[in-house]
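Here's a quick briefing for anyone opening this structure for the first time. Have a look at it, then read on.

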Amino acid sequence: MMRRITRALDRYVWSEFWKIFVVTALGFPVLLVIVDITENLDKYLNRQLPAEQIALSYVYFVPESMFQVLPAAVLFATVFAIGALTRHAEITAAKASGISFHRLTLPIYVGSVIAAVMALGIGEFAPQAAARRAELLQENRYTPGTERRNFAFAADRGRVYTIGALNSSRAVMEGVEIARQGSGPAYPTYVVVADRGAWTDSTGWVLSDGAMHILTDPEGLGVTIQYDSLVDRHLEETPLELTANPRAPLEMGYQDLGRYIAALERSGGEADELRVERALKIAIPATCIIIALFGAPLATSTRRGGAAYGVGISLAVTVIFLVLIQLTKEVGSNGLLPPEIAAWTPNMLFGLVGAIMLVRVRT
């Protein structure tokens, strides 16, 4: 059935795109692994980590690195697939047969959409892999201070703690808020607030003088329960663990990061940088589609330069795009632009240029 819908030329362009895409999508992470090993192997060995533990950590490094390079893989696959058709005059032959450039490159655009969906999936799995890698490499082992003030902590089970003050040596905290976003009456949203909390090894955290708000209605209606003391069995983090630095954005998925940002803003913290990172979790997968629209007309200029010219163009565009992302991250983090607009600025620029080039290409 598929062969009846697609032409032989479509299948040829499709296969050329995916051969290059797979090699690039797997090759770039391997290159990044080699670079990381070169830079950090001594540090890992000084921690006396077993060799198999270090090796396993690099397996968990692949999703994070692949998420970052998928747009570059789409660009390379687009430039080389169309560049080969251009150099061998196959595009000219297709046009002579009544097939336009836009119709000829349709399989590549379909492939870029699939790559974008893959990037979204990898982007949600990568935080779990990054957290596991940090655990294997013992990245969280350090000597923290004993006090921490006005911070938010993203915990498991979708819970976020907002704490006014924490003293790990005395094992006490003040101004506690624990929030969990629910999905309906069967799994309601709740907020636990407490004036104080104290930790003991036998009971864990005991919260004092507070209330629990259970929200069963989207409009905020629900039940409020006052209490003198409360033991939250899910509040399992020790005072030392709560003193640790919060999870990095790479260790949180889109929804977890959103909850963490909301808690941080409620506590008066600055969340612009995190809002940029959250927006990039959608913007980078979308880049796969935009970069294909940009790369397709760009690839028609590789006829005379050959493969080396295609590599040069692809690398140059990739470097420019990565530099733009870093610049706009800084601009958004410093509040010079709204974080979401800053995260999408590279896509908007490349999309505009790509649309102009696509309109001007000879069909």
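Helices here are DSSP runs (H or I, at least four residues), numbered from the N terminus. Axes are lines fitted to C-alpha atoms, over the stretch in contact for helices, with angles from 0 to 180 degrees between N-to-C directions. This is a predicted model, where local features need pLDDT of at least 70, side-chain atom pairs count only at pLDDT 80 or more, and totals for chains, interfaces and linings use all residues. Residues are numbered from 1 along each chain as its sequence is written, and side-chain values use heavy atoms, leaving out hydrogens and water.

**A helix pair**
- Helix α9 (residues 272-299) and helix α11 (residues 339-360) have axes that come within 7 Å and cross at roughly 5 degrees.
- Angles under 35 degrees count as roughly parallel, so α9 and α11 are roughly parallel to each other.

**The cores**
- A nonpolar core is a set of buried (under 20% relative accessible area, 1.4 Å probe, protein chains only) Ala, Val, Leu, Ile, Met, Phe, Trp, Tyr and Cys residues joined through side-chain atoms within 4.5 Å.
- In the largest one, with 48 residues, Phe-21, Leu-70, Val-74 and Val-317 touch the most other members.
- Helix α9 gives this core its largest share, 13 residues.
- There's also a second, separate core of 19 residues, with Tyr-161 and Leu-207 among them.

**Tyr-60**
- You'll find Tyr-60 in helix α3 (residues 51-87).
- Tyr-60 sits 72 residues from Arg-132 in sequence, yet their C-alpha atoms are 7.1 Å apart.
- Beyond its neighbours within four places in sequence, Tyr-60 has contacts (heavy atoms within 4.5 Å) that include Ala-129, Arg-133 and Leu-136.

Conventions. Helix = DSSP H or I, 4+ residues; strand = E, 2+ residues; numbered from the N terminus. Parallel < 35°, antiparallel > 145°, perpendicular 65-115°, else oblique. Buried < 20%, exposed > 50% of the residue type's maximum accessible area, 1.4 Å probe, protein only.
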